[in-house]
Amino acid sequence: MDELDLFRGFRQGVTPPDAETQRRAGDRLADALEPASSRVQVPSRRQGRRRLAVLAAAVLVVVVVTASALGTARAILSQGPVHVYTGTFRCDGKRGSFEVHLRFPSTGTRNWRIANGTGAYLRTTGGGRIPEVGGSGHAWRARLEGYLAPEGARQQRIAIILSERPNGAFLLTPLHKGALRRDSGTQSSFWTG
Amino acid sequence: MRRPGAETLAPASGTVRVMDPVPTDVECVARSLTEPQAFGMIFDRHFHAVHTYLHRRAGRDLADDLAAETFALAYSQRTRWRASGSILPWLYGIATNLLHHHRRAERRQLSAYGRTGADRWATYDDETVARLDGSSLDARLASALAAMRPRERDALLLYALAELGYEEIALALDVPVGTVRTWLHRARLTARRELAGAMDMTPPLATTGVDLHG
(Lines give C-alpha, C1' and ligand atoms only; values in the text may rest on other atoms or scores of the structure.)
Protein backbone atom coordinates (compact mmCIF):
# COMPACT_ATOMS: atom_id res chain seq x y z
CA MET A 1 0.00 0.00 0.00
CA ASP A 2 1.20 3.52 -0.82
CA GLU A 3 2.25 5.52 2.24
CA LEU A 4 0.36 8.53 0.93
CA ASP A 5 -2.96 6.68 1.06
CA LEU A 6 -2.57 6.29 4.82
CA PHE A 7 -3.21 10.03 5.11
CA ARG A 8 -6.71 9.65 3.66
CA GLY A 9 -7.80 8.61 7.15
CA PHE A 10 -6.12 11.54 8.92
CA ARG A 11 -8.61 13.27 11.23
CA GLN A 12 -11.48 11.44 9.59
CA GLY A 13 -14.84 12.04 11.24
CA VAL A 14 -14.40 15.73 12.10
CA THR A 15 -17.64 17.59 12.67
CA PRO A 16 -19.11 19.40 9.69
CA PRO A 17 -19.50 23.21 9.86
CA ASP A 18 -22.51 24.19 11.97
CA ALA A 19 -25.23 26.61 10.91
CA GLU A 20 -23.69 29.51 12.83
CA THR A 21 -20.30 29.04 11.12
CA GLN A 22 -22.01 28.88 7.76
CA ARG A 23 -24.04 32.01 8.54
CA ARG A 24 -20.93 33.96 9.55
CA ALA A 25 -19.09 32.85 6.42
CA GLY A 26 -22.14 33.81 4.35
CA ASP A 27 -22.13 37.26 5.94
CA ARG A 28 -18.43 37.61 5.16
CA LEU A 29 -19.08 36.78 1.53
CA ALA A 30 -22.07 39.13 1.45
CA ASP A 31 -19.74 41.91 2.61
CA ALA A 32 -17.46 41.09 -0.30
CA LEU A 33 -20.37 41.06 -2.77
CA GLU A 34 -21.86 44.34 -1.62
CA PRO A 35 -19.33 46.87 -2.94
CA ALA A 36 -19.20 45.05 -6.26
CA SER A 37 -22.96 45.28 -6.70
CA SER A 38 -22.84 49.02 -6.23
CA ARG A 39 -19.73 49.57 -8.37
CA VAL A 40 -20.21 52.16 -11.12
CA GLN A 41 -19.63 50.80 -14.61
CA VAL A 42 -18.51 52.63 -17.72
CA PRO A 43 -21.68 53.23 -19.73
CA SER A 44 -22.05 51.82 -23.25
CA ARG A 45 -24.77 51.94 -25.90
CA ARG A 46 -26.20 48.67 -24.74
CA GLN A 47 -26.58 50.06 -21.28
CA GLY A 48 -29.04 52.72 -22.38
CA ARG A 49 -32.02 50.75 -21.19
CA ARG A 50 -30.27 49.84 -17.99
CA ARG A 51 -29.54 53.51 -17.30
CA LEU A 52 -33.20 54.32 -17.84
CA ALA A 53 -34.15 51.57 -15.41
CA VAL A 54 -31.64 52.90 -12.85
CA LEU A 55 -33.03 56.40 -13.31
CA ALA A 56 -36.55 55.12 -12.77
CA ALA A 57 -35.41 53.25 -9.67
CA ALA A 58 -33.71 56.40 -8.36
CA VAL A 59 -36.92 58.39 -8.82
CA LEU A 60 -38.79 55.64 -7.01
CA VAL A 61 -36.27 55.71 -4.14
CA VAL A 62 -36.65 59.50 -3.81
CA VAL A 63 -40.43 59.14 -3.68
CA VAL A 64 -40.28 56.33 -1.13
CA VAL A 65 -37.69 58.08 1.06
CA THR A 66 -39.68 61.31 1.01
CA ALA A 67 -42.85 59.48 1.92
CA SER A 68 -40.99 57.59 4.63
CA ALA A 69 -39.49 60.80 6.00
CA LEU A 70 -42.90 62.42 6.12
CA GLY A 71 -44.18 59.31 7.89
CA THR A 72 -41.32 59.53 10.40
CA ALA A 73 -42.04 63.20 10.95
CA ARG A 74 -45.67 62.39 11.62
CA ALA A 75 -44.62 59.65 14.04
CA ILE A 76 -42.27 62.02 15.86
CA LEU A 77 -44.92 64.71 16.13
CA SER A 78 -47.43 62.20 17.46
CA GLN A 79 -45.01 60.47 19.85
CA GLY A 80 -43.09 63.47 21.12
CA PRO A 81 -39.53 64.68 20.57
CA VAL A 82 -36.67 62.39 19.45
CA HIS A 83 -34.49 61.40 22.37
CA VAL A 84 -30.81 61.01 21.54
CA TYR A 85 -28.55 58.69 23.58
CA THR A 86 -24.82 58.95 23.09
CA GLY A 87 -22.17 56.46 24.12
CA THR A 88 -18.38 56.59 24.24
CA PHE A 89 -16.44 53.34 23.85
CA ARG A 90 -12.75 53.40 24.60
CA CYS A 91 -11.06 50.52 22.73
CA ASP A 92 -7.55 49.36 23.64
CA GLY A 93 -6.15 47.04 20.99
CA LYS A 94 -2.83 45.51 20.07
CA ARG A 95 -2.10 48.19 17.48
CA GLY A 96 -3.21 51.21 19.49
CA SER A 97 -6.30 52.66 21.11
CA PHE A 98 -9.20 54.77 19.94
CA GLU A 99 -12.51 56.13 21.10
CA VAL A 100 -15.74 55.51 19.28
CA HIS A 101 -18.67 57.84 19.79
CA LEU A 102 -22.05 56.23 19.19
CA ARG A 103 -25.23 58.18 18.61
CA PHE A 104 -28.58 56.49 19.18
CA PRO A 105 -31.61 58.62 18.37
CA SER A 106 -34.87 57.03 19.55
CA THR A 107 -35.96 57.15 15.90
CA GLY A 108 -33.83 57.44 12.80
CA THR A 109 -30.31 56.44 11.86
CA ARG A 110 -27.84 55.20 14.44
CA ASN A 111 -24.29 56.18 13.64
CA TRP A 112 -20.77 56.33 14.98
CA ARG A 113 -17.53 58.22 14.51
CA ILE A 114 -13.97 57.73 15.69
CA ALA A 115 -12.03 60.17 17.89
CA ASN A 116 -8.81 60.37 19.92
CA GLY A 117 -6.73 57.57 18.35
CA THR A 118 -3.24 56.50 19.35
CA GLY A 119 -0.75 54.11 17.70
CA ALA A 120 -2.11 52.84 14.38
CA TYR A 121 -5.21 54.97 14.93
CA LEU A 122 -3.40 58.26 15.50
CA ARG A 123 -5.34 61.03 13.72
CA THR A 124 -7.58 58.45 12.07
CA THR A 125 -10.91 59.81 10.94
CA GLY A 126 -14.10 58.14 9.87
CA GLY A 127 -17.40 56.68 10.95
CA GLY A 128 -20.49 55.00 9.66
CA ARG A 129 -23.75 53.38 10.65
CA ILE A 130 -24.78 50.80 13.22
CA PRO A 131 -26.88 48.15 11.50
CA GLU A 132 -27.01 45.79 14.47
CA VAL A 133 -27.22 46.43 18.22
CA GLY A 134 -28.96 44.76 21.13
CA GLY A 135 -28.87 42.85 24.39
CA SER A 136 -27.66 43.93 27.78
CA GLY A 137 -24.68 43.31 30.04
CA HIS A 138 -22.71 40.24 28.92
CA ALA A 139 -25.11 39.60 26.04
CA TRP A 140 -24.84 43.12 24.64
CA ARG A 141 -23.41 43.34 21.11
CA ALA A 142 -23.18 46.00 18.42
CA ARG A 143 -21.88 45.83 14.87
CA LEU A 144 -20.49 49.05 13.45
CA GLU A 145 -19.88 49.41 9.74
CA GLY A 146 -18.25 52.24 7.86
CA TYR A 147 -14.97 53.69 6.68
CA LEU A 148 -11.80 54.70 8.49
CA ALA A 149 -9.02 56.81 7.03
CA PRO A 150 -5.67 56.50 8.85
CA GLU A 151 -3.43 59.56 8.60
CA GLY A 152 -1.81 59.69 5.16
CA ALA A 153 -3.59 56.56 3.89
CA ARG A 154 -6.67 55.87 1.79
CA GLN A 155 -9.95 55.28 3.55
CA GLN A 156 -10.76 51.66 4.16
CA ARG A 157 -14.04 49.85 4.71
CA ILE A 158 -14.14 48.19 8.13
CA ALA A 159 -16.48 46.56 10.62
CA ILE A 160 -16.16 46.79 14.39
CA ILE A 161 -17.88 44.40 16.78
CA LEU A 162 -18.35 45.69 20.31
CA SER A 163 -19.46 43.15 22.87
CA GLU A 164 -20.49 43.32 26.53
CA ARG A 165 -20.78 46.53 28.44
CA PRO A 166 -19.80 48.59 30.30
CA ASN A 167 -16.56 46.58 29.99
CA GLY A 168 -16.00 44.02 27.25
CA ALA A 169 -14.17 43.36 24.02
CA PHE A 170 -13.88 44.80 20.54
CA LEU A 171 -12.88 43.32 17.21
CA LEU A 172 -11.94 45.49 14.23
CA THR A 173 -12.01 43.74 10.86
CA PRO A 174 -10.93 45.45 7.63
CA LEU A 175 -13.29 44.53 4.80
CA HIS A 176 -10.94 45.94 2.17
CA LYS A 177 -7.16 45.82 1.93
CA GLY A 178 -5.40 48.92 3.20
CA ALA A 179 -3.30 50.40 5.96
CA LEU A 180 -5.48 49.14 8.81
CA ARG A 181 -5.05 45.56 10.00
CA ARG A 182 -7.31 43.27 11.98
CA ASP A 183 -7.21 44.21 15.66
CA SER A 184 -8.91 43.23 18.89
CA GLY A 185 -8.75 44.04 22.57
CA THR A 186 -10.78 45.38 25.44
CA GLN A 187 -13.32 48.17 25.51
CA SER A 188 -14.88 50.23 28.28
CA SER A 189 -17.94 52.38 27.76
CA PHE A 190 -20.24 54.91 29.32
CA TRP A 191 -23.51 56.46 28.18
CA THR A 192 -24.85 59.97 28.36
CA GLY A 193 -28.27 61.31 27.54
CA MET B 1 -29.03 42.12 0.87
CA ARG B 2 -29.68 38.40 0.93
CA ARG B 3 -27.14 36.15 2.51
CA PRO B 4 -25.40 34.03 -0.17
CA GLY B 5 -26.06 30.87 1.79
CA ALA B 6 -29.78 31.47 1.40
CA GLU B 7 -29.64 31.36 -2.40
CA THR B 8 -31.85 28.85 -4.13
CA LEU B 9 -31.02 26.89 -7.22
CA ALA B 10 -34.45 27.25 -8.77
CA PRO B 11 -34.35 28.48 -12.35
CA ALA B 12 -35.84 31.89 -13.09
CA SER B 13 -39.39 31.63 -14.30
CA GLY B 14 -40.33 32.98 -17.69
CA THR B 15 -37.17 31.94 -19.51
CA VAL B 16 -37.87 30.87 -23.07
CA ARG B 17 -34.79 28.70 -23.49
CA VAL B 18 -34.81 25.36 -21.73
CA MET B 19 -31.83 25.31 -19.39
CA ASP B 20 -30.23 22.90 -17.01
CA PRO B 21 -31.97 23.56 -13.67
CA VAL B 22 -28.66 23.30 -11.79
CA PRO B 23 -26.10 25.66 -13.31
CA THR B 24 -22.51 24.45 -13.45
CA ASP B 25 -19.71 26.18 -11.56
CA VAL B 26 -18.58 27.78 -14.82
CA GLU B 27 -22.07 29.19 -15.41
CA CYS B 28 -22.34 30.44 -11.82
CA VAL B 29 -19.02 32.26 -12.01
CA ALA B 30 -19.82 33.68 -15.44
CA ARG B 31 -23.18 34.89 -14.19
CA SER B 32 -21.58 36.39 -11.06
CA LEU B 33 -19.66 38.82 -13.28
CA THR B 34 -22.90 40.71 -13.83
CA GLU B 35 -24.99 39.36 -10.92
CA PRO B 36 -22.70 39.06 -7.86
CA GLN B 37 -25.37 37.11 -5.96
CA ALA B 38 -24.89 34.18 -8.34
CA PHE B 39 -21.64 33.46 -6.52
CA GLY B 40 -23.81 32.40 -3.58
CA MET B 41 -24.45 29.13 -5.40
CA ILE B 42 -20.71 28.40 -5.41
CA PHE B 43 -20.73 29.04 -1.66
CA ASP B 44 -23.73 26.76 -1.06
CA ARG B 45 -22.20 24.01 -3.14
CA HIS B 46 -18.62 23.95 -1.84
CA PHE B 47 -18.46 25.55 1.62
CA HIS B 48 -18.84 22.22 3.41
CA ALA B 49 -15.97 20.59 1.47
CA VAL B 50 -13.58 23.52 1.91
CA HIS B 51 -14.36 23.85 5.62
CA THR B 52 -13.85 20.12 6.21
CA TYR B 53 -10.51 20.20 4.36
CA LEU B 54 -9.31 23.12 6.49
CA HIS B 55 -10.70 21.56 9.66
CA ARG B 56 -8.75 18.34 9.06
CA ARG B 57 -5.60 20.30 8.29
CA ALA B 58 -5.58 23.06 10.88
CA GLY B 59 -8.34 22.46 13.42
CA ARG B 60 -11.76 23.93 13.94
CA ASP B 61 -11.00 27.54 14.86
CA LEU B 62 -8.71 28.27 11.94
CA ALA B 63 -11.09 26.46 9.60
CA ASP B 64 -13.97 28.73 10.61
CA ASP B 65 -11.96 31.86 9.79
CA LEU B 66 -10.15 30.65 6.70
CA ALA B 67 -13.14 28.98 5.02
CA ALA B 68 -15.02 32.27 5.15
CA GLU B 69 -11.98 34.14 3.86
CA THR B 70 -11.52 31.60 1.05
CA PHE B 71 -14.90 32.39 -0.50
CA ALA B 72 -14.55 36.16 -0.09
CA LEU B 73 -11.15 35.99 -1.79
CA ALA B 74 -12.40 33.60 -4.47
CA TYR B 75 -15.17 36.05 -5.31
CA SER B 76 -12.80 38.99 -5.65
CA GLN B 77 -10.40 36.96 -7.82
CA ARG B 78 -12.96 34.94 -9.79
CA THR B 79 -11.81 36.35 -13.12
CA ARG B 80 -8.47 34.60 -12.58
CA TRP B 81 -10.05 31.17 -12.42
CA ARG B 82 -9.18 29.13 -15.51
CA ALA B 83 -12.66 27.73 -15.99
CA SER B 84 -12.51 23.97 -16.22
CA GLY B 85 -15.31 21.88 -14.74
CA SER B 86 -15.48 22.17 -10.99
CA ILE B 87 -14.18 25.24 -9.20
CA LEU B 88 -13.41 23.13 -6.12
CA PRO B 89 -9.69 22.47 -6.86
CA TRP B 90 -9.17 26.21 -7.28
CA LEU B 91 -10.98 26.89 -3.98
CA TYR B 92 -8.78 24.29 -2.28
CA GLY B 93 -5.78 26.13 -3.71
CA ILE B 94 -6.93 29.45 -2.22
CA ALA B 95 -7.61 27.78 1.13
CA THR B 96 -4.15 26.18 1.03
CA ASN B 97 -2.47 29.49 0.23
CA LEU B 98 -4.37 31.21 3.06
CA LEU B 99 -3.20 28.46 5.37
CA HIS B 100 0.37 29.38 4.47
CA HIS B 101 0.06 32.49 6.62
CA HIS B 102 -0.50 30.09 9.52
CA ARG B 103 2.03 27.41 8.59
CA ARG B 104 4.03 27.82 11.79
CA ALA B 105 0.87 27.39 13.85
CA GLU B 106 -0.10 24.35 11.76
CA ARG B 107 3.32 22.78 12.24
CA ARG B 108 3.32 23.44 15.99
CA GLN B 109 -0.14 21.92 16.19
CA LEU B 110 0.88 18.79 14.27
CA SER B 111 4.04 18.36 16.34
CA ALA B 112 2.12 18.67 19.59
CA TYR B 113 -0.54 16.23 18.38
CA GLY B 114 2.18 13.76 17.35
CA ARG B 115 4.01 14.14 20.65
CA THR B 116 1.04 13.91 23.03
CA GLY B 117 -1.40 11.81 21.00
CA ALA B 118 -4.20 14.20 22.02
CA ASP B 119 -5.93 16.23 19.32
CA ARG B 120 -7.04 19.44 21.00
CA TRP B 121 -7.71 21.35 17.77
CA ALA B 122 -10.21 19.30 15.78
CA THR B 123 -13.72 18.37 16.93
CA TYR B 124 -15.11 14.96 16.06
CA ASP B 125 -18.56 13.57 15.43
CA ASP B 126 -17.88 10.86 17.96
CA GLU B 127 -15.15 11.88 20.40
CA THR B 128 -14.84 8.43 22.00
CA VAL B 129 -14.44 6.53 18.75
CA ALA B 130 -12.00 9.13 17.48
CA ARG B 131 -9.85 8.84 20.58
CA LEU B 132 -9.87 5.07 20.78
CA ASP B 133 -9.42 4.15 17.16
CA GLY B 134 -8.08 7.16 15.34
CA SER B 135 -5.67 8.86 17.66
CA SER B 136 -2.81 6.37 17.70
CA LEU B 137 -2.15 6.23 13.96
CA ASP B 138 -3.41 9.80 13.51
CA ALA B 139 -0.77 11.04 15.95
CA ARG B 140 1.97 9.28 13.94
CA LEU B 141 0.55 10.78 10.75
CA ALA B 142 0.61 14.19 12.42
CA SER B 143 4.30 13.71 13.30
CA ALA B 144 5.05 12.74 9.72
CA LEU B 145 3.19 15.78 8.40
CA ALA B 146 5.09 18.05 10.80
CA ALA B 147 8.37 16.66 9.42
CA MET B 148 7.49 17.58 5.82
CA ARG B 149 8.23 20.83 4.04
CA PRO B 150 5.14 23.06 3.72
CA ARG B 151 4.66 22.61 -0.04
CA GLU B 152 5.15 18.83 0.21
CA ARG B 153 2.55 18.77 2.97
CA ASP B 154 0.21 20.86 0.81
CA ALA B 155 0.52 18.50 -2.14
CA LEU B 156 0.08 15.42 0.02
CA LEU B 157 -3.00 16.71 1.84
CA LEU B 158 -4.63 17.95 -1.36
CA TYR B 159 -4.12 14.42 -2.65
CA ALA B 160 -5.21 12.59 0.49
CA LEU B 161 -7.82 14.84 2.14
CA ALA B 162 -9.22 16.75 -0.84
CA GLU B 163 -8.81 13.70 -3.08
CA LEU B 164 -7.43 15.71 -5.99
CA GLY B 165 -5.51 14.17 -8.86
CA TYR B 166 -2.02 15.33 -9.86
CA GLU B 167 -3.37 17.65 -12.56
CA GLU B 168 -5.86 19.20 -10.15
CA ILE B 169 -3.19 19.72 -7.49
CA ALA B 170 -1.05 21.46 -10.09
CA LEU B 171 -4.01 23.68 -10.94
CA ALA B 172 -4.74 24.40 -7.28
CA LEU B 173 -1.16 25.33 -6.41
CA ASP B 174 -0.46 26.95 -9.79
CA VAL B 175 2.66 24.86 -10.48
CA PRO B 176 3.58 22.36 -13.23
CA VAL B 177 2.47 18.74 -12.79
CA GLY B 178 6.12 17.66 -12.64
CA THR B 179 6.62 19.80 -9.54
CA VAL B 180 3.62 18.12 -7.91
CA ARG B 181 5.13 14.70 -8.67
CA THR B 182 8.41 15.78 -7.07
CA TRP B 183 6.71 17.12 -3.95
CA LEU B 184 4.62 13.98 -3.56
CA HIS B 185 7.69 11.80 -4.04
CA ARG B 186 9.51 13.67 -1.28
CA ALA B 187 6.41 13.54 0.94
CA ARG B 188 6.29 9.77 0.34
CA LEU B 189 9.93 9.38 1.42
CA THR B 190 9.35 11.41 4.58
CA ALA B 191 6.18 9.46 5.36
CA ARG B 192 8.01 6.16 4.80
CA ARG B 193 10.76 7.20 7.19
CA GLU B 194 8.45 8.60 9.88
CA LEU B 195 5.84 5.84 9.68
CA ALA B 196 8.18 2.88 9.39
CA GLY B 197 7.19 1.64 12.83
CA ALA B 198 3.49 2.26 12.37
CA MET B 199 3.28 0.42 9.07
CA ASP B 200 5.05 -2.61 10.47
CA MET B 201 2.94 -2.77 13.60
CA THR B 202 -0.59 -2.19 12.36
CA PRO B 203 -2.76 -3.05 9.39
CA PRO B 204 -3.24 0.59 8.41
CA LEU B 205 -6.83 1.08 7.27
CA ALA B 206 -8.20 -1.15 10.02
CA THR B 207 -6.98 1.38 12.58
CA THR B 208 -7.71 4.66 10.87
CA GLY B 209 -11.38 4.54 11.74
CA VAL B 210 -12.54 4.44 8.10
CA ASP B 211 -15.39 2.04 8.77
CA LEU B 212 -16.27 3.61 12.06
CA HIS B 213 -16.41 7.21 10.90
CA GLY B 214 -17.20 6.80 7.25
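The expected span of a helix is 1.5 Å times one less than its number of residues. Keep that rule in mind for helix α3 of chain B, described below. The model is predicted.

**Helix α3 of chain B**
- Helix α3(B) runs over residues 60–76 and has 17 residues.
- From its first C-alpha to its last, α3(B) reaches 25 Å, close to the expected 24 Å.
- The buried residues of α3(B) include B:Ala63, B:Ala67, B:Ala68, B:Ala72 and B:Ala74.
- B:Leu66, B:Phe71 and B:Tyr75 are also buried, as are B:Asp64 and B:Thr70.
- An α-helix has 3.6 residues a turn, so residues three or four places apart point the same way.

**Helices α8 and α9 of chain B**
- Helix α8(B) covers residues 166–173, and helix α9(B) covers residues 177–194.
- The two helices pack at an angle of about 105°, with their axes 8 Å apart.
- Angles of 65 to 115 degrees count as roughly perpendicular, so α8(B) is roughly perpendicular to α9(B).
- From α8(B), B:Tyr166, B:Glu167, B:Ile169 and B:Ala170 take part in the contact.
- They meet B:Val177, B:Val180 and B:Arg181 of α9(B).
- The residues of this contact divide into 5 nonpolar, no polar and 2 charged.

**Where chain A touches chain B**
- The contact takes 30 residues from chain A and 47 residues from chain B.
- On the chain A side, the elements giving two or more residues are α1 (3–6) and α2 (19–37).
- Helix α2(A) gives the largest share of that side, 15 residues.
- The residues of the chain A side divide into 14 nonpolar, 8 polar and 8 charged.

Key. Residues numbered from 1 in each chain as written. Chains lettered and ligands numbered in written order. Predicted model: local features only at pLDDT ≥ 70, side-chain atom pairs only at ≥ 80, totals over all residues. Axes fitted to C-alpha atoms, helices over the stretch in contact; angles between N-to-C directions. Helix = DSSP H or I, 4+ residues; strand = E, 2+ residues; numbered from the N terminus. Parallel < 35°, antiparallel > 145°, perpendicular 65-115°, else oblique. Contact = placed C-beta atoms within 7 Å. Nonpolar A, V, L, I, M, F, W, Y, C, P; charged D, E, K, R; others polar. Buried ≥ 20, exposed ≤ 12 C-beta atoms within 10 Å, placed from the backbone.
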